[in-house]
Amino acid sequence: WTGGCGPHHLRAAHERGMRTVTTVHVPGFFCVSGGMMLDGRRPCDGRVEAYRCGKCWAHTSRNVPRPLAGAATRLSRVADSLLGHDSRLARIVQVTDRQRERLEILDRCSDRIVVVCQWLHDALRLNGIAEDKLVLCRQGTDLLPPEGLPPPPRRSHEPFRVGFLGRYDPLKGLEILIRAVLMLPAEIPLELHIHGLANGPKEIAYAGYLKLLAHGDSRIRFMPSLERGGILQALAGFDVLAIPSQWLETGPLVALEALAARVPILGSDLGGIAELVRQGADGWLVRHDSPSAWAGHLQRLSEGRDLLSCAGEPEKVRTMVDVAGDMSDIYARLRPASNMDAAAR
């Protein structure tokens, strides 16, 4: 379900009697703002409601001041009726109406709807999708260290090394992480190694802003971006991987890669990260929007006061082979009857 393949294709397949499986990977199925953060501040449950969603979209996507966003949303319905669809004010209600319409097509035309994390499952249930139509099939990784490889050793004689792997996008939260390091006393032996990736002019500009923010602090190091083949080697050099996302991730895959490499995670207390990280067992969850909370955790980690409590073998990390097996089972259960097979041939 993308800009090039979406509800019209799904409806066309359904009308021709084809069995359909739709996989939901992103919040945009029901979140008009895209990130599942209500007013850009706190996690949303995902229920599509015209007023609430319109107000949030007006504020987060069109920069309408929060006190005025509610009034603009109420006026939007009036503007749509009196001034027509071309009115700029009518845009708010049109966005939420279109989102509800897409959800109805998703529900009516999909035989199964696959979700990759629990919060996506819960949000679709809130929007009326039947339980028996939903299938939870979590993501997997194909980056696995050699079997029996021990976890990376702690380097007691070197600075505590924090790693970041991700895009230069405000939603990835790197600014929060950088501000947290800047708050730490200079004598704390810590390094932040940033392997960022910039896709397009907006992310290139944001990377420049972050480098200016960190300028003068030698503990913050901007490293080259990584190819797939270099991720495991980079992870092995970190004492902890930071995932400071500011929206509800549906994975992220980098968390699975860190878990597979047995590298502890310091992650935001949001969405898929909170579903993957067992607090105190294979990582720690931090209040997502608080640089001071991140700074406190980083200081305790660098001083060795936060230790993982798990013993023995870690939990098995889900792989792409597991995902493929689950998807194959879904398709097999939906296989058309023999007469439909014959018609298709």
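**View 1. The second largest cavity holds about 70 Å³.** The structure is a predicted model, in which local features need pLDDT of at least 70, side-chain atom pairs count only at pLDDT 80 or more, and totals for chains, interfaces and linings use all residues. Residues are numbered from 1 along each chain as its sequence is written, and side-chain values use heavy atoms, with hydrogens and water left out. A cavity is a set of points, on a 1 Å grid over the protein atoms alone, where a 1.4 Å probe fits but cannot get out. Lining residues have an atom within 4 Å of a point. A volume is the space filled by probe spheres set on the points, with grid points joined across faces, edges and corners. Among the residues lining this second largest cavity are Val116, Arg138, Thr250 and Glu275. Helix α10 (residues 271-276) contributes most to the lining, with three residues. Helices (H or I, at least four residues) and strands (E, at least two) are DSSP runs, numbered from the N terminus. By class, this lining has four nonpolar, four polar and two charged residues. Ala, Val, Leu, Ile, Met, Phe, Trp, Tyr, Cys and Pro count as nonpolar; Asp, Glu, Lys and Arg count as charged; the others, Gly among them, count as polar.

**View 2. The largest cavity has a volume of about 100 Å³.** It is lined by 13 residues, with Phe30, Cys31, Val32, Cys44 and Cys53 closest to its centre. Strand β2 (37-38) and helix α2 (50-62) each give two or more residues to the lining. The lining of the largest cavity counts 10 nonpolar, two polar and one charged residues. Across the whole structure, a search finds two cavities of 30 Å³ or more.

**View 3. Six strands form an open sheet with parallel pairing.** The order is β8-β7-β6-β9-β10-β11. Strands β8 (220-223) and β11 (283-286) are the edges, each pairing on one side only. Two strands pair if DSSP finds at least two bridges between them. Neighbouring strands of the sheet are turned by 25° against each other on average, direction ignored. Axes are lines fitted to C-alpha atoms, for helices over the stretch in contact, and angles run from 0 to 180 degrees between N-to-C directions.

**View 4. Strands β9 and β10 run parallel, with helix α9 packed on the sheet.** Three bridges join β9 (residues 240-243) to β10 (residues 265-268). Alanine 242 faces leucine 266 in β10. Helix α9 (residues 253-260) touches β6 (160-167), β9 and β10. Contact means heavy atoms within 4.5 Å. The direction of α9 makes about 165° with that of β9.

**View 5. The second largest pocket contains about 690 Å³ of space.** A pocket is an open set of points with protein on both sides within 12 Å along at least five of seven lines. The lining of this pocket has 30 residues; Leu165, Gly166, Lys172, Leu253 and Val254 lie nearest its centre. At least two lining residues come from each of β6, β7 (190-197), β9 and α9. Strand β6 gives the most, with four. The lining of the pocket divides into 16 nonpolar, nine polar and five charged residues.

**View 6. Helix α6 packs against helix α7.** The axes of α6 (residues 174-183) and α7 (residues 201-214) lie 10 Å apart, at an angle of about 10°. That makes the two helices roughly parallel, a term for angles under 35 degrees. Helix α6 makes the contact through residues including Leu174 and Ile178, and helix α7 through residues including Tyr206 and Leu213. By class, the contact has eight nonpolar, no polar and two charged residues.

Key. Angles under 35 degrees count as roughly parallel, over 145 as roughly antiparallel, 65 to 115 as roughly perpendicular and the rest as oblique.
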